[in-house]
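Here is a short briefing to read alongside the model. Have the sequence and the 3D view open, and follow the topics in turn.

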Amino acid sequence: TGSIEGTGVDNSGLIEAAKAELQAQGNLYSLAINNSGTIQATAVVEEGGKIYLRADGGTVQNTGTLRAEVVDLKGTINGGTIDVNAGTVLFQQGSLADVSGHHAGALTIVGDRIGLAGTLRANADVDGRIGHVRINSTGMTVMLGTSLIEARGGEVRINQPGAGGFTGVYANTVTRMYRGATITTVGGATDGFVEVSGAVLNVD
């Protein structure tokens with residue numbers, strides 16, 4: 001790991017830990033957190049297995065791999081937790097965020113502006129607990145044609161409105177899916193659930 005000019009936290013290597021948390025004060029850097037390497041959080045039983053990337057007001061960019069998993073006492077690999085929260089979140093083409101396992105985990109992305117061109121996975125085995133992918137933006141969420149979200153038998157919710165609809169900070173939420181962008185939840189014990197919403201919704 002190291003730091004490059006204009007970047008608060010830069011990882012181009014391998015980080016392995018029970019719990020990995022990268023945090024930067026985004027308003028100080030044009031790019032607060034940049035991951036082009038691999039961050040893997042592996043925990044035994046229920047401790048750890050979590051990755052947090054946080055840059056309040058800044059940019060988190062992933063061009064590498066984020067993988068969170070929990071190994072139970074039987075040696076079964078289950079999905080962990082990945083939580084990204086920043087002003088701008090970019091998952092570039094070729095990047096991967098994965099919380100798959102026998103029981104899938106939870107992958108959450110929150111930001112003012114969210115751009116997806118890579119792969120998000122929360123796949124469970126047929127007899128495992130389903131996974132969840134949740135994306136919430138107060139501004140614009142863009143899924144480019146190379147983006148792929150998989151949650152076999154699970155749930156994918158993009159910009160789910162609150163009980164009062166798109167009000168307050170979510171009143172200007174825009175969701176844009178370009179041709180080729182793919183969301184799939186089929187292949188599990190059930191076919192899962194997908195919700196794509198926005199105060200403005202554009203689908204090519």
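**Confidence first**

The mean pLDDT of the protein chain is 86, and 90% of its residues reach 70 or more. This is a predicted model, in which local features need pLDDT of at least 70 and side-chain atom pairs count only at pLDDT 80 or more, while totals for chains, interfaces and linings use all residues. Residues are numbered from 1 along each chain as its sequence is written, and side-chain values use heavy atoms, with hydrogens and water left out.

**Nonpolar core**

- The largest nonpolar core has 36 residues; such a core is a set of buried Ala, Val, Leu, Ile, Met, Phe, Trp, Tyr and Cys residues joined through side-chain atoms within 4.5 Å.
- Strand 9 (residues 81-91) gives the most to this core, with 5 residues; strands (E, at least two residues) are DSSP runs, numbered from the N terminus.
- Ile109 and Leu120 have the most contacts inside the core.
- Beyond its neighbours within four places in sequence, Ile109 touches Val84, Val89, Phe91, Ile114, Leu116, Leu120, Arg134, Ile135 and Asn136.
- In soluble globular proteins, nonpolar side chains tend to be buried together.

**Salt bridges**

- The count comes to 5 salt bridges, each a side-chain nitrogen of Lys or Arg within 4 Å of a carboxyl oxygen of Asp or Glu.
- One of them joins Arg67 and Asp98, with the closest N and O atoms 4.0 Å apart.
- That pair links distant parts of the chain, with Arg67 in strand 7 (residues 65-71) and Asp98 in strand 10 (residues 96-98), 31 residues apart.
- Arg67 is partly exposed at 26% relative accessible area, whereas Asp98 is buried at 11%; buried means under 20%, exposed over 50% and partly exposed in between (1.4 Å probe, protein chains only).
- Glu155, Arg157 and Glu195 are linked in a network of salt bridges.
- Within it, Arg157 meets Glu155 at 3.4 Å, N to O, and Glu195 at 3.2 Å.
- Arg157 in strand 15 (residues 155-158) and Glu195 in strand 18 (residues 193-196) are 38 residues apart, and both are buried.

**Rings**

- The charged end of Arg176 sits over the ring of Tyr178, 4.3 Å from its centre; this requires NZ of Lys or CZ of Arg within 6 Å of the ring centre and within 35 degrees of the ring normal.

Technical notes. Helix = DSSP H or I, 4+ residues; strand = E, 2+ residues; numbered from the N terminus. Contact = heavy atoms within 4.5 Å. pLDDT = per-residue confidence, 0-100.
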